[in-house]
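Visitor: Could you show me around this one? I'd like to know where the labels come from.

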Amino acid sequence: MTHSFTRTLGMRTILTLVFAFLYIPIAVLVALSFNEGGLPTAWSDFSLKWYISLTSNSAILSAALNTLIVALVSTAIATLLGTLLAIGVEMRRQYGKGLEALIFAPMIIPDIVLAIALLSFFSMLNLTMGLHTIILAHVVFNLAFVCSVVRARLKSFDWSIVEASADLGASALTTFRRVTLPVIAPAVIAGALLAFTLSVDEFIIAFFTAGAGRASTTLPMQIYAMIRFGITPEINALATIVMAVSITALTLSQRINRGIIGP
């Protein structure tokens with residue numbers, strides 16, 4: 001009894017220390033974003049002035065707009081292609097490890113390697129760098145994540161209802177719209193939210209595939225540029241906003257994702 005209690009207490013202590021290590025720095029960042037003083041590490045008084053100052057910062061507003069454009073467009077394309085890829089792979093039912101590796105390679109390859117590969121590919125095609133190259137790069141990165149989420153739902157999908165729909169004379173498009181899509185819709189939405197979150201947060205690939213100037217600068221790139229001159233409460237406020245958006249999207253994705261795996 002004493003041994004069991006000691007082991008439980010020890011596990012709880014370790015778990016508490018791990019969570020403290022993970023989340024205390026984030027809590028400090030959020031708290032200091034409301035710090036009225038100009039010093040980023042010394043608390044003076046509660047204030048929203050750093051959030052208000054963000055609304056008049058043209059560089060940040062431009063970066064936020066670019067991030068939103070990249071995230072929305074890349075998410076839409078990655079969701080469409082990832083869903084079709086998942087359906088195609090699962091309909092085939094028999095696939096080798098080689099195809100599996102090709103699908104999930106962007107998830108496994110380090111970001112820096114994928115970024116250099118994409119930069120080399122765009123340079124080979126003589127593409128002018130800009131938002132369009134960031135979007136294409138994010139599609140490559142996000143497609144595998146969307147495919148993974150949708151395939152998890154398709155593992156329990158009853159393909160006989162698709163065959164029954166075809167036997168009743170429905171076209172392939174009608175079958176997809178009225179039979180397949182309603183069943184996998186939660187997974188598609190969850191995959192889209194995950195792709196949106198990854199796109200908003202992604203820095204390395206965007207940094208390598210962006211053009212010069214403010215026209216193709218995203219929020220993570222803007223935060224990096226600002227940090228080079230020192231940490232300020234304004235950066236803390238901006239980081240808090242980005243984190244809040246990411247957490248909200250991830251939370252929605254997880255809630256929608258509940259019940260996807262299984263009947």
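Visitor: What is the accessible surface of the protein chain, and how much of it belongs to carbon and sulfur atoms?

Guide: About 15,100 Å², of which 71% belongs to carbon and sulfur atoms. Accessible areas here come from the Shrake-Rupley method with a 1.4 Å probe, and for residues only the protein chains shown count as cover. Keep in mind that this is a predicted model, where local features need pLDDT of at least 70, side-chain atom pairs count only at pLDDT 80 or more, and totals for chains, interfaces and linings use all residues. Residues are numbered from 1 along each chain as its sequence is written, and side-chain values use heavy atoms, with hydrogens and water left out.

Visitor: Why is the pair of Phe-207 and Phe-208 called edge-to-face?

Guide: Rings of Phe, Tyr and Trp (its six-membered ring) pair if their centres lie within 6.5 Å; planes under 30 degrees apart are stacked, over 60 edge-to-face, the rest tilted. These two centres are 6.1 Å apart with planes at 75 degrees, so edge-to-face it is.

Visitor: What makes Phe-207 partly exposed?

Guide: Buried means under 20% relative accessible area, exposed over 50%, and partly exposed in between (1.4 Å probe, protein chains only). Phe-207 has 44%, so it counts as partly exposed.

Visitor: Which parts does the pair of Phe-207 and Tyr-224 tie together?

Guide: Phe-207 lies in helix α9 (residues 204-209) and Tyr-224 in helix α10 (residues 219-227), so the pair links parts 17 residues apart in sequence. Helices are DSSP runs (H or I, at least four residues), numbered from the N terminus.

Definitions and conventions
Helices (H or I, at least four residues) and strands (E, at least two) are DSSP runs, numbered from the N terminus.
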